[in-house]
Amino acid sequence: MNFDVVIIGGGIAGLTCGLTLQEKGIHCAIINNGQAAIDFSSGSMDLLTRLPHGETVSSFSESYADLVQQAPQHPYAILGKDEVLEKAQQFEALAKSLNLSLMGSTQKNHKRVTALGGLRGTWLSPTSVPTIMNEEAFPYSKIALLGIEGYHDFQPQLLAENLKQNPQFTHCELTIGYLNIPELDHLRESSREFRSVNIAQVLEHKLSFNNLVAEIKEAVGEAEAAFLPACFGLDDQVFFDSLRQATGIELYELPTLPPSLLGIRQHRQLRARFESLGGVMFNGDRALRAEFEENKVARIYTQLHLENAITAKYFVLASGSFFSNGLVSEFEEIYEPLFRADIIKTEQFDATNRFSWINKRFSAPQPYQSAGVLINAQCQVQKQGKTIDNLFAIGSVIGGYNGIELGCGSGVAVATALKTADNILAAQTKN
């Protein structure tokens, strides 16, 4: 099996790179071994929310110089400020074309409301999520916080108590209510089945829409707006938007415990676009072994294709971090298992010295979280000190940064994905 590009990993980085190439007529295959980190995300996407020294970031442009000084091996430092901003804005346009229903811009972070009642800075958020811009007060003073009876992943009382602590909500009158929704009774029999994804499947296909609208309106009462758990609409935001329109109430949804319905929606929409463009998905498969010829990756073998090699002109490593086995930790070593690419080394972290992997303070950022492969400004991967000409790395498999601590995981994913797509397109044009 031969392709122009083979991408190992079907998360936001892999799909963004793949569909961008497919749009330009480059035949791509994605090897997808299961759920990606995007399925567990909040649905909001971060560009940069915090600097390594702890300062809060409101503007990427204004904080970039400090980031480079404090984290010189960060992928953003390698790509350059203008490149990152260009790719972030390119993704904003892509998201709009895909109808991902996102709001926000690279000019300034906004704050999104979390399910625990906190406010978290971010770059892009679903339009269905309550957000705050420029520290302004929330525009509605009467808010109903509605849970679902028996659904423990969303606690309206906890949300209310924490929401009141934020100055943007001190003027608000908060009421608490619960939706019964009889169609969910069979799910309530097992707490393991009573999750956002299962609820969404039932609500979209097995209930009376008008009855749901009536129950929401009754529970909201005189409130002007309502916050609900993100359990409405599995494939996209259309079902939730139709509820908002039918009730005549400003409805908002909050992501609950993983898996996240908001992240799953985005994953499905990206994948649907990739496949509609002719991209090939090897689902439930895993890349096991690679062979090299003349400083290039020649072919790979997968779990489902042990005998038949998959070949390509270019390979893109988008396998993620420890969560998806893109990186592996053993007692004496952290490594990338497929290509054995070089792992980045920083002042705080050395992949071959396990004593450098952790911080003794449990709640502190852990050095191992910045583990990952080494790339150059073209996102090419290095192996045994030599750059592999046709192998690129994108997303969280790259080292030199802690995406959770700095709030930049999505930004790194899309910036490196789009940069790699540009590099492959340029190389194809040359050849």
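Modeller: Welcome! One term before we start: two strands count as paired if DSSP finds at least two bridges between them. Please keep in mind that this is a predicted model.

Colleague: Thanks! Which residue is the bridge partner of Gly147 in S9?

Modeller: Strand S8 covers residues 142-148, and that range takes in Gly147. S8 pairs with S9 in the parallel sense over seven bridges. In one of the positions of S9, the partner of Gly147 is Tyr178.

Colleague: Which strands stand at the edges of that sheet, each with a single partner strand?

Modeller: The sheet is open and has four strands with parallel pairing, in the order S9-S8-S10-S11. A strand at the edge has a single partner, so one of its sides is left without a neighbour in the sheet. Those edge strands are S9 (173-179) and S11 (250-254).

Colleague: How many degrees does the twist average from one strand to the next there?

Modeller: We are still with the open sheet ordered S9-S8-S10-S11. From one strand to the next, its twist averages 25 degrees.

Colleague: Which residue in the turn of the S13 and S14 hairpin has a positive phi?

Modeller: S13 (residues 287-293) and S14 (residues 296-302) run antiparallel and are joined by six bridges. Phe292 stands opposite Val297 in S14. Two residues lie between the strands of this hairpin, and the one with a positive phi, of about 50 degrees, is Glu294.

Colleague: Now the whole chain: how far apart are the C-alpha centres of domain 1 and domain 2?

Modeller: The domain assignment gives domain 1 as 2-100 + 265-429 and domain 2 as 130-254. Between their C-alpha centres the separation is 34 Å.

Colleague: How many residues of the lining of the second largest pocket are polar?

Modeller: This pocket holds about 520 Å³ of space. It is lined by 20 residues, and those closest to its centre are Pro52, Gln70, Ala71, Thr346 and Gln348. By class, the lining has seven nonpolar and two charged residues, and the number of polar ones is 11.

Colleague: What is the volume of the largest cavity?

Modeller: With a cut-off of 30 Å³ or more, the count comes to one cavity. Among the residues lining the largest cavity are Leu47, Phe60, Ser105 and Lys108. Its lining divides into three nonpolar, six polar and one charged residues. The volume of the largest cavity is about 40 Å³.

Terms used. Residues numbered from 1 in each chain as written. Predicted model: local features only at pLDDT ≥ 70, side-chain atom pairs only at ≥ 80, totals over all residues. Heavy atoms only, no water. Domains from an automatic or database assignment. 1 Å grid on protein atoms, 1.4 Å probe; cavity = no way out; pocket = protein on both sides within 12 Å on 5 of 7 lines; lining within 4 Å. Points joined across faces, edges and corners; volume = space filled by probe spheres on them. Nonpolar A, V, L, I, M, F, W, Y, C, P; charged D, E, K, R; others polar. Axes fitted to C-alpha atoms, helices over the stretch in contact; angles between N-to-C directions.
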